[in-house]
Amino acid sequence: MSLNKQRRQGTVAVVGLGYVGLPLACLAAEKGWRVFGIGRDPRKIEDVNRGISPVPEPGLQRWLKRVTVTATTDYRAVKKASVIVICVPTPVDHAYNPDLTPVRQAVEGIRQHLKRGQVIILESTVNPGVSEEVVKPILEKSGFRVGKHVFLAHCPERIDPGNRKWTVRNIPRVLGATDAKGLKRAAAFYASILEAPVKLMKSIKEAEAVKIIENAFRDVNIAFVNEIARSFARLGIDTLDVIEGAKTKPFAFLAHYPSVGVGGHCIPVDPYYLIERAKRSGFNHQFLKLAREINNSMPAYTVDLLVRALNEKRRSLSSVRVGLLGLAYKKNVADTRESPTFRVMKILTDEYRAAFEVFDPHLPDQSTVPTLNDLLDRCDALILMTDHDEFRAIRVRIFKEKKILAIIDGKNALDKEAITKLGIVYRGIGR
Ligand code: SAJ
């Protein structure tokens, strides 16, 4: 049953049909907007037009079947819209330098088809300054003045892949613009589609800064517990138990958890945008950099735990086949962006010439074996990389049956006592 029942709101163009853009496009369509989705990949465009979601996000497939999103690779669709929302990735390159290429390309495509009165809203996560220093100049190459002929706003995306509770529909947002008129027009768009409050920020820079600090906050807190875990491991203290203890304090403590590494398209990436921009203004974010350094060291720390665990069994890493449980960067999603598993694979290969298999039930095509059982049959030691529900449910006796020598629990998700009782060397991260 189509959801396009409500009165027409007008036309919106959403540039970028990934984790952020596609849910937004579906929501706008459901709320009565005529929606053009602009993307680069013709196959994804064809999928969307056939009502097939190219993004493996729960519920998105069903939603796309019930609304109409007209997908195209042609930026001329922008001409028909009164609102244009940019939802393209903002990655970092191999040297962790921010890469605004997708944003620049999107804005370049838009500026060629601008018309008076349009409001352009950037949802991609960027450091403070990008809207005014990068987006605005490109838009004004069209001859239009931002703030006069067209308007520019920033509403940072807050999509949490896999989260069924907090979605594009009900996540509160912040919104900033280069001028009052742009703020008003952008606020009217979001008021027409969201079922959540939108906080209006003093300026577009403050809106850009909100998202960056949200995620930098999370990164430094994860780095904090990762450092604590490495210290407590040497003191024989169970870090997880300590965190559970600290959580009994009903205020001023927010639990984060040590792990094999920090992946995803947000947390390990966003701090670099601020670090780089601040450096250009002569400020050195030593704390943010240190947090990134600590979190980036966790894959190597985890492999080192395996080396030591195998030593207890008088085995070397190069003499065993390692089973990696999980490719996704976090549990119960099929998203591998910046996944720590890739870094562990590289370390095993480059530094230890160790053989490995990888199995992820959410990513069968990227697994090297068809089933978990195959992985357990072929491997002598395991690293739990992702705490998918399927891995948490494993009956530990099977590890004994499959003669597993050592298990490194990269997410502290398995039963340490039960595994140890089976005579298998167990090491968690901080326990
Ligand atoms: N991680 C830890 N320890 C923790 C929490 C996470 O090691 O205590 C690791 C995860 O395993 C993963 C990475 O960090 O590899 C990122 O985890 P995440 O839970 O932050 O997941 P993301 O990347 O999907 O983050 C999103 C973010 N949402 C947006 O940027 C819009 C983030 O701001 C949210 O806080 C997060 O979802 C969330 O809370 O679920």
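**View 1. Salt bridges across the predicted model.** A search of the whole structure finds 27 salt bridges, a salt bridge being a side-chain nitrogen of Lys or Arg within 4 Å of a carboxyl oxygen of Asp or Glu. The structure is a predicted model, in which local features need pLDDT of at least 70 and side-chain atom pairs count only at pLDDT 80 or more, while totals for chains, interfaces and linings use all residues. Residues are numbered from 1 along each chain as its sequence is written, and side-chain values use heavy atoms, with hydrogens and water left out. As a general point, side chains of opposite charge can pair when their charged atoms come close.

**View 2. The salt bridge between Arg-292 and Asp-219.** The side chains of Arg-292 and Asp-219 meet with N and O at 2.6 Å. Because Arg-292 lies in helix α10 (residues 286-296) and Asp-219 in helix α7, the pair ties together parts that are 73 residues apart in sequence; helices here are DSSP runs of H or I with at least four residues, strands are DSSP runs of E with at least two, and both are numbered from the N terminus. Both Arg-292 and Asp-219 are buried, where buried means under 20% relative accessible area, exposed means over 50%, and partly exposed lies in between, with a 1.4 Å probe and protein chains only.

View 3. Arg-50 and Asp-47 form a salt bridge through their side chains, at 3.7 Å from N to O; Arg-50 counts as exposed, with 51% relative accessibility, whereas Asp-47, at 22%, counts as partly exposed. In the salt bridge of Arg-337 with Asp-335, the closest N and O atoms are 2.6 Å apart. Arg-337 is partly exposed at a relative accessible area of 29%, while Asp-335 is buried at 3%.

**View 4. The open sheet of eight strands.** The strands follow the order β3-β2-β1-β4-β5-β6-β7-β8, and their pairing is mixed; two strands are said to pair if DSSP finds at least two bridges between them. The edges are taken by β3 (69-72) and β8, each with a single partner strand, so one side of each is left without a neighbour in the sheet. Neighbouring strands of this sheet are turned by 25 degrees against each other on average, direction ignored, where the axes are lines fitted to C-alpha atoms and angles run from 0 to 180 degrees between N-to-C directions. Within the sheet, strand β1 (residues 10-15) runs parallel to strand β4 (residues 83-86), the two being joined by four bridges, and Val-15 stands opposite Ile-86 in β4. In general, strands of a sheet pair through backbone hydrogen bonds, either parallel or antiparallel.

**View 5. Strand β7 and its neighbours.** Strand β7 (residues 173-177) is mostly covered, with five of its five residues buried: Arg-173, Leu-175 and Ala-177 lie on one side, and Val-174 and Gly-176 on the other. Strand β6 (residues 151-154) runs antiparallel to β7 and is joined to it by two bridges, with Ala-177 as the bridge partner of Ala-153. Three bridges join β7 to the parallel strand β8 (residues 198-200), in which Lys-199 is the bridge partner of Val-174. Together with helix α6 (residues 180-193), β7 and β8 make a right-handed β-α-β unit, a crossover being right-handed if, with the strands pointing away from the viewer, the path from the first strand over the helix to the second runs clockwise. Ala-177 counts as buried at 11% relative accessibility, and its C-alpha atom is separated by 42 Å from that of Asp-360, 183 residues apart along the chain.

**View 6. Strands β9 and β10.** Strand β9 (residues 321-325) and strand β10 (residues 355-359) pair in the parallel sense over five bridges, and Val-322 stands opposite Phe-356 in β10. With helix α12 (residues 340-352), β9 and β10 make a right-handed β-α-β unit.

**View 7. A nonpolar patch on the surface.** Leu-235, Ile-237 and Val-242 form this patch, with about 240 Å² of accessible area together. Patches are made of residues with over 30% relative accessible area and no salt bridge, like charges being joined within 9 Å and nonpolar side chains (Val, Leu, Ile, Met, Phe, Trp, Tyr) within 5 Å, and accessible areas come from the Shrake-Rupley method with a 1.4 Å probe, where for residues only the protein chains shown count as cover. Ile-237 is placed in the loop between α7 (204-235) and α8 (239-246), and Ile-237 is partly exposed, with a relative accessible area of 31%.
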